[in-house]
Amino acid sequence: MKETDREAVATAVQRVAGMLQRPDQLDKVEQYRRREARKKASVEARLKAAIQSQLDGVRTGLSQLHNALNDVKDIQQSLADVSKDWRQSINTIESLKDVKDAVVQHSQLAAAVENLKNIFSVPEIVRETQDLIEQGALLQAHRKLMDLECSRDGLMYEQYRMDSGNTRDMTLIHGYFGSTQGLSDELAKQLWMVLQRSLVTVRRDPTLLVSVVRIIEREEKIDRRILDRKKQTGFVPPGRPKNWKEKMFTVLERTVTTRIEGTQADTRESDKMWLVRHLEIIRKYVLDDLIVAKNLMVQCFPPHYEIFKNLLNMYHQALSTRMQDLASEDLEANEIVSLLTWALNTYTSTEMMRNVELAPEVDVGTLEPLLSPHVVSELLDTYMSTLTSNIIAWLRKALETDKKDWVKETEPEADQDGYYQTTLPAIVFQMFEQNLQVAAQISEDLKAKVLVLCLQQMNSFLSRYKDEAQLYKEEHLRNRQHPHCYVQYMIAIINNCQTFKESIVSLKRKYLKNEVEEGVSLSQPSMDGILDAIAKEGCSGLLEEVFLDLEQHLNELMTKKWLLGSNAVDIICVTVEDYFNDFAKIKKPYKKRMTAEAHRRVVVEYLRAVMQKRISFRSPEERKEGAEKMVREAEQLRFLFRKLASGFGEDVDGYCDTIVAVAEVIKLTDPSLLYLEVSTLVSKYPDIRDDHIGALLAVRGDASRDMKQTIMETLEQGPAQASPSYVPLFKDIVVPSLNVAKLPK
């Protein structure tokens with residue numbers, strides 16, 4: 001208490017100090033005293049009230065405890081009295097056992113009396129129920145069946161209550177009502193038959209389907225009631241629970257599976273399109289069934305059955321199982337495509353699950369794939385393997401067919417622009433297009449793989465094509481009379497190369513949609529080089545044909561006969577022009593190169609005739625005459641190749657200028673200027689060799705041995721550098737051994 005008093009005094013001092021901090025507050029001391037007195041009185045009043053309340057509560061509690069003690073004593077006394085009475089009445093209770101047995105027997109007899117009518121009429125009710133089932137009156141039949149089962153179950157329950165171990169009486173009752181279980185099974189068969197035809201029944205007689213559902217719903221209620229009673233008594237009548245709702249869904253599921261499997265009407269042996277037909281029938285049946293279920297069947301079942309949702313799951317599962325079964329068969333490539341297209345695309349398209357008549361109940365996004373990714377991957381691997389073999393076989397067959405055309409007696413067909421061609425490029429790329437279109441129906445990834453495969457096989461095919469074209473040329477050179485249309489078909493082969501190049505570009509442009517795919521494609525070996533090589537060999541073969549015909553006339557050049565008035569160049573020009581009338585059927589890129597090559601080779605052959613020293617001029621007049629003839633013939637050739645090259649925009653004068661330059665060396669009348677003229681020639685044509693100069697001087701016929709040696713030694717000291725655009729003409733010209741060999745330095 002002293003500590004409390006000190007704390008109170010300290011608090012009071014602190015409060016007074018807070019009130020009297022300024023001199024002017026001394027005037028309010030009396031006011032402060034009255035205010036504090038009021039507060040003190042208020043606090044004391046509240047304290048007194050709280051203490052009084054606590055005292056009243058304690059007083060009430062003590063009173064209740066006193067009353068409770070008296071009640072406990074009274075109860076204790078009553079229990080003692082009951083215990084005494086119970087001990088005194090034990091013998092009396094044992095003497096009432098006969099009364100108890102009589103009561104139980106009375107209860108059993110009362111139940112028997114209550115069901116007496118039904119017991120005696122059981123055979124009649126069984127017959128009536130059987131007749132109703134056969135007549136299809138399922139609701140009435142079920143009502144009578146319920147009466148029979150109710151009588152049987154009531155008697156068996158009473159027997160169970162009286163003596164659960166007495167199996168003899170239970171067996172007797174069960175045997176008497178033995179036909180009841182048979183009727184139940186027979187009725188169930190009728191229900192399942194209706195459910196198996198439910199999609200037809202709901203359109204023709206929906207009342208019958210509703211009756212079946214009502215019967216099943218009644219049985220479900222009875223099952224629930226019996227299971228509840230089992231928890232209390234442990235008694236379950238025979239045949240219960242029936243679980244007809246669960247069996248109903250099992251029947252529907254089995255019906256759906258049978259319907260899906262039963263749509264296969266054909267086999268591969270009887271119809272190559274068996275799988276397409278099978279899948280189309282499945283699509284039509286499933287779509288029709290689900291529409292009927294959505295619009296009609298849901299009206300015949302309680303909402304909690306979720307009949308449409310359950311049927312949708314059943315159909316989906318049955319389809320998945322069927323797709324897996326089909327995938328496990330040994331399918332051909334086109335059958336794999338049909339299966340994957342249907343399972344991956346058609347199933348989730350508007351033709352089936354996205355059909356407007358199924359919306360919004362069917363959400364395609366919630367459906368699992370019909371085929372697992374592993375199965376899809378295996379099918380795609382099989383497809384790619386089979387497709388690879390097929391493409392190789394198709395390409396080989398196409399090439400063999402094309403080769404047969406090469407030996408025909410008739411010319412090949414021409415396209416709309418008049419260029420010769422065969423059907424090979426069209427056949428090949430039509431095949432590629434068909435396979436790519438099929439692959440695109442399945443997935444973009446498969447499309448990219450098929451495109452890469454096509455390009456790979458195309459690369460291998462072109463190598464075989466090149467070899468066959470080379471053999472074709474070689475066989476013709478062994479016997480130029482056969483084939484009859486060799487030139488025309490070689491032109492077609494050359495044109496095919498351009499068609500192949502254009503088709504490849506078109507194929508890539510059409511089926512490459514992004515940079516990743518394009519990168520994959522571009523990593524494949526380039527086919528342009530092979531095609532250019534085939535075309536180059538073809539053009540070379542055609543030019544070989546030309547120069548074989550020109551050989552005789554080329555041999556007349558720079559001979560005595562030529563100097564005296566040979567028309568060899570006229571014949572050469574006519575022959576070349578005649579051939580190039582056929583070569584007009586060659587497409588422009590290759591025709592342009594071929595014209596330039598023909599021009600170059602004619603000039604080279606002319607120069608070779610000069611270098612072979614077939615003639616040696618004996619006088620300035622002969623040299624002048626020969627040189628002027630060379631110039632005239634160079635102009636003649638220039639005119640010819642200008643005509644052939646018209647439309648190409650090419651400079652075709654350079655080659656013929658070489659003949660003119662050589663003629664100028666031959667024509668020169670002043671031997672002292674010969675070195676200068678030869679130097680000019682060498683500077684313009686850096687590939688000219690000393691043996692060429694020697695041959696040229698030998699053709700002039702007036703150069704001394706010392707002059708030849710001086711000219712050649714001087715020229716060797718500073719060989720000219722060729723310009724990048726210079727096309728060599730002399731490097732392939734071989735000069736026969738000179739009569740006067742070059743002296744050593």
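A word before we start. The model is predicted.

Let's begin with positive charge. Where does it gather on the surface? Look at Arg34, Arg35, Arg38 and Lys39. Together they form a surface patch of positive charge. Take Arg34 from that group. Arg34 sits in helix α2, which covers residues 29-94. Its relative accessible area is 45%. Patch members need over 30%.

Which residues gather in a patch of negative charge? They are Glu261, Asp325, Glu329 and Asp330. This patch is on the surface too. Pick out Glu261. You will find Glu261 in helix α11, residues 244-261. Is Glu261 buried or partly exposed? Partly exposed, at 44% relative accessibility.

On to the cysteines. How many disulfides does the structure hold? The count is 0. Let's take Cys539. A disulfide needs the pair within 2.5 Å.

What about burial? Cys539 is buried, at 9% relative accessibility. Cys485 is buried as well, with a relative accessible area of 4%. Both count as buried because the cut-off is under 20%.

To recap. There is a positive patch that includes Arg34. There is a negative patch that includes Glu261. And there are 0 disulfides.

Terms used: Residues numbered from 1 in each chain as written. Predicted model: local features only at pLDDT ≥ 70, side-chain atom pairs only at ≥ 80, totals over all residues. Heavy atoms only, no water. Patch = residues over 30% accessible without salt bridge, like charges linked within 9 Å, V, L, I, M, F, W, Y side chains within 5 Å. Areas by Shrake-Rupley, 256 points an atom, 1.4 Å probe, with all protein chains shown as cover. Salt bridge = Lys/Arg side-chain N within 4 Å of Asp/Glu carboxyl O. Lys, Arg positive; Asp, Glu negative; His and termini not counted. Charge placed at Lys NZ, Arg CZ, Asp CG, Glu CD. Helix = DSSP H or I, 4+ residues; strand = E, 2+ residues; numbered from the N terminus. Buried < 20%, exposed > 50% of the residue type's maximum accessible area, 1.4 Å probe, protein only.
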